[in-house]
Amino acid sequence: MKTAIVGGGIMGITLAYYLARAGVAVEVFEASAALGGLAGPLTLPDGVEVDRFYHAILPSDAHLNALCAELGIADQLRFKETRTGFYYNRAIYSMNNIVEFLKFPPLGWIDRLRLGITVLAAQRVRDWQELEGVSVEEWLIRLGGKNTYQNIWRPMLAAKFDGDFRNVPATWIWSRLVRVKSTRQGASQREGAGHIIGGYITLIKAMAQQIEAAGGRIHLATPVQEVCIEGNRATGVRLADGVHTFDAVAVTSQVPIFKRLIPGAAPEYHEFLGKTDYLGIVCPLLVLERPLTGYWTLNITDERIPFTGVIETTAYIDPLLVGGHSLVYLPKYTAPGSTLSDQSDAEIRSMWMENLHAMFPAFDEATVRYFLVHRERYVEPLHGLNSAHLIPAVETPVRSLFLVTTAQIYPALTNGESVSRHGHEAAEAIQRALAMPVAVAA
């Protein structure tokens, strides 16, 4: 079956890899001049290549670790013990062991006990659908109390959702607490995180080589203008040079982009797709001469700070692997319609620097090698209360047309582990829909 795959990000390449491995003739069409999408690389002014956005691999990421081994790049994985901190009331507090936890100023001993109960309760949830109709605010207050909610959770939620999280279900915090717990391994419960040398593009290139070795083709700088639909069946894709016919088409873009690519689909399906929206992001990369905090993640509970957190990836990436730089990502997630996305790079830099000086009085701007601002409109799918039925399926109402997108990963987090796993599962679903045999794992 000759199948077109629209999108050369980690989702599209993973999907193409598993389909090609199963004998499907695939062609990948990527609009940009390089593979990777949101997981793609950025070349700094000095020529060093780094991840455009921040990513981390955990020792518990079983699918991703197995995929690296299968591709022969497991030796490129590196893991390191890391630290997490909280910025509260203009001070930084380490939160990496029970002693530090018990000393955290905003929480009394009852609050600390209830916070621990919240984390344990998340681990015990087996059916996430039980949390679909419970707001994140209600769930956190019920388990942890109002004081913990006001001092810890509410400001973090406000930062993540750009102020409005009234319709966010408890599944959102549940999935994060489960993943955060998985960073802590062994009896010591020390936190660890890792990366692939060279970034996710190392993984993507390894899969791309296997796709081409299996006879698949990858087209860069080749945007798809439209998915052609005739008689409610996908028949190919329209490119700048005309229509190319295929037996099936799989689109791996975000839902609003997919919707624009299928003008020939039924109005009812367009209306359904219009109910999926996303958080955007404004994410400056601060490239420094030396470390800023030493923490992998610094959670911010101060609503005066415009960015959501301080993510220092060189807390687990050896700076020598990234040109001797210290890499700090300063993301701000933006709600639909946010004006922050329209501000200039200079305005973002001025605002971010002012707040960095407020957070770190000893911060020396002379240590900044580069300050690079990146924006994306569609980054994290938004799921409201009792809205799982609005998640679009891999098989669409149009025959031979498939949608493989991050909106389907819910309630898991959008990361390399969940995306690569979903790409694998979607490949099997497409094989079944195309009446092809699916290999059964031993």
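Modeller: In this predicted model, helix α1 passes helix α2 in a left-handed crossing. On the α1 side the contact is formed by Tyr17, Tyr18 and Arg21, and on the α2 side by His63, Leu67 and Glu70. Helix α1 spans residues 10-21 and helix α2 residues 62-70; their axes lie 14 Å apart and the packing angle is about 55°.

A second pair can be described in the same terms, namely the angle between the axes and the distance between them. Helix α4 and helix α5, the latter covering residues 136-160, have axes that come within 9 Å and cross at roughly 125°. That angle makes α4 oblique to α5. The crossing of α4 and α5 is left-handed. From α4, the residues Asp111, Arg114, Leu115, Thr118, Ala121 and Ala122 take part, and they meet a set in α5 that includes Trp139, Leu140, Ile141, Leu143, Asn147 and Trp153. The contact of α4 with α5 divides into eight nonpolar, five polar and three charged residues.

Helix α4 itself runs over residues 109-124, 16 residues in total. From first C-alpha to last it reaches 23 Å, close to the 22 Å expected at 1.5 Å a residue. Its buried residues are Asp111, Arg112, Leu115, Thr118, Ala121 and Ala122. Among them, Leu115 and Thr118 also belong to the contact with α5.

Two single positions complete the account. Serine 175 is located in helix α6, residues 171-182. With a relative accessible area of 8%, serine 175 is buried, because the value is under 20%. Leaving aside residues up to four places away in sequence, serine 175 touches Pro411 and Leu413.

Lysine 80 is placed in strand β5, residues 77-81. Its relative accessible area is 45%, so lysine 80 counts as partly exposed. With residues up to four places away in sequence again excluded, lysine 80 touches Glu191, Gly192, Ala193, Ala315 and Tyr316. Between lysine 80 and threonine 202 there are 19 Å in space, C-alpha to C-alpha, and the two are 122 residues apart in sequence.

Technical notes. Residues are numbered from 1 along each chain as its sequence is written. This is a predicted model: local features need pLDDT of at least 70, side-chain atom pairs count only at pLDDT 80 or more; totals for chains, interfaces and linings use all residues. Side-chain values use heavy atoms; hydrogens and water are left out. Helices (H or I, at least four residues) and strands (E, at least two) are DSSP runs, numbered from the N terminus. The expected span of a helix is 1.5 Å times one less than its number of residues. Buried means under 20% relative accessible area, exposed over 50%, partly exposed in between (1.4 Å probe, protein chains only). Axes are lines fitted to C-alpha atoms, for helices over the stretch in contact, and angles run from 0 to 180 degrees between N-to-C directions. A crossing is left-handed if the near helix is turned anticlockwise from the far one by less than a right angle, and right-handed if clockwise. Contact means heavy atoms within 4.5 Å. Angles under 35 degrees count as roughly parallel, over 145 as roughly antiparallel, 65 to 115 as roughly perpendicular and the rest as oblique. Ala, Val, Leu, Ile, Met, Phe, Trp, Tyr, Cys and Pro count as nonpolar, Asp, Glu, Lys and Arg as charged, and the others, Gly among them, as polar.
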